[in-house]
Amino acid sequence: MELTPDILKKLIKSAQMAADHEIGCNECFDELHEFAEMELAGKSPEEAKPLIKDHLDKCSSCREEYQALLEALRTIESDN
Ligand SMILES: [Zn+2]
């Protein structure tokens, strides 16, 4: 198969469409705090914020960030 400009355009378009359903690290980070607080409150953050959950499943650096955040919040709570 030859990569004609037409095929390239289609490939780029489908990549962009897939990206629409995913969030980036910045967006994830913006909501990470809320996600962690819901988790600690025993709510279901993965239901309220499925895109964050999805990103955490895929992105190890955000997952580490999230674990650290949970840890920090737990420490704060146990201090009170
Ligand atoms: Zn990330």
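## Terms and basis

A salt bridge is a side-chain nitrogen of Lys or Arg within 4 Å of a carboxyl oxygen of Asp or Glu. This is a predicted model, in which local features need pLDDT of at least 70 and side-chain atom pairs count only at pLDDT 80 or more, while totals for chains, interfaces and linings use all residues. Residues are numbered from 1 along each chain as its sequence is written, and side-chain values use heavy atoms, with hydrogens and water left out.

## Helix α2

Helix α2 covers residues 25–40; helices here are DSSP runs (H or I, at least four residues), numbered from the N terminus. With 16 residues at 1.5 Å a residue, α2 should span 22 Å, and its end C-alpha atoms are 22 Å apart, which agrees. The expected span is 1.5 Å times one less than the number of residues. A bend of about 45 degrees occurs in α2 at E31, taken as the angle between axes fitted to the seven residues ending there and the seven starting there. After α2 comes G42, with a positive phi near 80 degrees.

C28, L32, F35, A36 and M38 are the buried residues of α2. Buried means under 20% relative accessible area, exposed over 50%, and partly exposed in between (1.4 Å probe, protein chains only). The cover over these buried residues includes α3 (45–48), α4 (50–58) and α5 (60–79), where contact means heavy atoms within 4.5 Å.

## Salt bridges between elements

Five salt bridges are present in the structure. One of them joins K58 and E22, at 3.1 Å from N to O. Because K58 lies in helix α4 and E22 in the loop between α1 (5–20) and α2, the pair ties together parts that are 36 residues apart in sequence. K58 counts as exposed at 51% relative accessibility, and E22 is partly exposed at 42%. E22, D54 and K58 are linked in a network of salt bridges.

E31, the site of the bend in α2, forms a salt bridge with K49, with the closest N and O atoms 2.6 Å apart. E31 is in helix α2 and K49 in the loop between α3 and α4, so this pair connects parts 18 residues apart in sequence. E31 is partly exposed, with a relative accessible area of 32%, whereas K49 is buried at 13%.

The side chains of D57 and K53 form a salt bridge of 3.3 Å, N to O. Both residues lie in helix α4, four residues apart, about one turn of the helix. D57 is partly exposed at 48% relative accessible area, and K53 is partly exposed at 34%.

Conventions. Helix = DSSP H or I, 4+ residues; strand = E, 2+ residues; numbered from the N terminus.
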